[in-house]
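Dear colleague,

I am passing on the structure below, together with notes on a helix and a sheet that I went through. Please have it open while you read.

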Amino acid sequence: MLSSWCFLPVNFHYGVKCSINYFSSMTAEMRYLNASNRDLADHFEKKLSDENGVDASIEKKTPPKLLEFTFQELKSATVNFRPDSILGEGGFGYVFKGWIEPNGTAPAKPGTGLTVAVKSLKQDALQGHREWVAEIDFLGQLHHKHLVKLIGYCIEDDQRLLVYEFMARGSLENHLFRRTLPLPWPCRMKIVLGAAKGLAFLHVGPKPVIYRDFKTSNILIDSEYNSKLSDFGLAKAGPQGDKTHVSTRVLGTYGYAAPEYVMTGHLTTKSDVYSFGVVLLEVLTGRRSVDKKRPPGEQNLVAWARPYLSDRRRLYQLVDPRLGLNYSVRGVQKVAQICHHCLSRDSKSRPMMDEVIKHLTPLQDLNDMASASYRPRPSPRGKARR
Ligand SMILES: Nc1ncnc2c1ncn2[C@@H]1O[C@H](COP(=O)(O)OP(=O)(O)OP(=O)(O)O)[C@@H](O)[C@H]1O
Ligand SMILES: [Mg+2]
């Protein structure tokens with residue numbers, strides 16, 4: 001029902017065609033979106049023209065316009081939203097694989113043209129509509145090689161869809177927790193460095209953006225293990241000037257949110273740094289941030305791992321057992337230190353993301369694999385023990 005979709009952001013920059021229909025209960029939320037988006041517009045211009053020292057790959061040219069698709073075009077592009085083209089499902093709805101002609105909205109034959117991921121909003125999700133708006137506002141303007149590229153959107157009657165570049169290897173969550181083959185250590189290091197660069201890009205400058213939903217399912221991976229952040233539905237313009245935080249409703253994902261944010265609703269870029277620490281710990285251990293299937297003392301990953309992180313002798317007990325001895329010894333030590341630092345209970349003691357990048361960068365080339373230094377001890381019968 002169109003009337004249940006009560007608004008579009010007025011300062012859409014790419015000319016969305018739609019009637020604006022207000023509902024009084026939504027006015028406050030709309031005001032907030034418009035105000036924060038206006039602030040963001042300056043910020044993005046600055047981000048696009050700044051040398052920020054985090055990553056020289058930030059696009060400085062005018063970002064390409066978002067494409068507006070019709071529902072019929074996306075229906076054809078995904079072969080009628082065929083169930084076997086579903087890439088995944090999240091709170092927002094299903095994500096389908098599709099094909100479009102390059103540089104346009106026309107659908108292409110499956111396997112030809114440009115491969116895309118089409119996310120369709122569940123039809124009764126009001127929170128979903130807000131996230132759809134925020135996604136277009138943020139990703140329509142932020143461009144960086146470690147943020148997923150939003151190609152376009154569809155708004156037609158009660159349909160809300162988003163069209164993204166296709167990320168061939170799906171999410172980090174799938175690789176860590178669902179695949180049978182363990183993700184090799186060097187790939188883990190490449191993925192976390194890329195994600196750290198994406199987050200640092202958001203945080204840099206006088207008007208930072210707080211991502212608020214940093215987790216393994218929102219880190220997407222391409223065929224060469226480059227990682228990109230997706231899902232800006234919960235992102236928020238950060239504090240400016242003298243302000244130390246922004247106050248918000250507590251949204252995000254249980255197990256990743258910083259404790260002070262959950263308790264007070266005060267949001268800072270350091271809340272994202274905490275979530276980064278949780279993801280890094282998941283990458284190190286191969287365990288989920290919250291896992292109800294584990295014994296009581298092990299269900300909350302941070303609480304379980306904290307004592308090991310600062311204990312040099314015991315920290316190897318944290319390493320994902322699926323890796324065997326195929327991990328870098330120094331890499332594990334450094335990653336444990338970074339986790340410890342990012343997960344500080346005092347948010348001010350957590351590092352900035354550019355500092356995290358500085359520590360993760362040298363870990364890309366380490367080849368001091370544990371397997372190379374492992375000497376099997378002779379067994380009592382003189383045979384090597386495993
Ligand atoms: N651009 C993309 N390319 C390839 N696969 C994608 C893309 N976007 C999403 N996916 C797949 O679809 C899944 C669902 O994504 P979605 O963002 O909707 O939900 P989620 O991140 O799992 O959960 P949440 O709703 O909490 O964000 C992802 O985990 C990923 O496997
Ligand atoms: Mg997601």
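The buried residues of helix H8 (residues 301-309) are Leu301, Ala305 and Leu309, where buried means that 20 or more other C-beta atoms, placed from the backbone, lie within 10 Å of the residue's own, and exposed means 12 or fewer, with partly exposed in between. Seen down the helix axis, these buried residues fall within an arc of 50° and so line one face of H8, the arc being that of the directions from the axis to the C-beta atoms. Ala303 and Pro307, on the other side of H8, are exposed.

This is a predicted model, in which local features need pLDDT of at least 70 and side-chain atom pairs count only at pLDDT 80 or more, while totals for chains, interfaces and linings use all residues. Residues are numbered from 1 along each chain as its sequence is written, and chains are lettered from A and ligands numbered from 1 in the order in which they are written.

Turning to the sheet, 6 strands form an open, mixed arrangement in the order S1-S5-S6-S4-S3-S2; helices (H or I, at least four residues) and strands (E, at least two) are DSSP runs numbered from the N terminus, and two strands pair if DSSP finds at least two bridges between them. Strands S1 (67-68) and S2 (86-89) stand at the edges with a single partner strand each, so one side of each is left without a neighbour in the sheet.

Strand S5 (residues 150-156) has 6 of its 7 residues buried, and 6 bridges join S5 to the antiparallel strand S6 (residues 159-165), with Tyr153 partnered by Leu162 in S6.

Best regards
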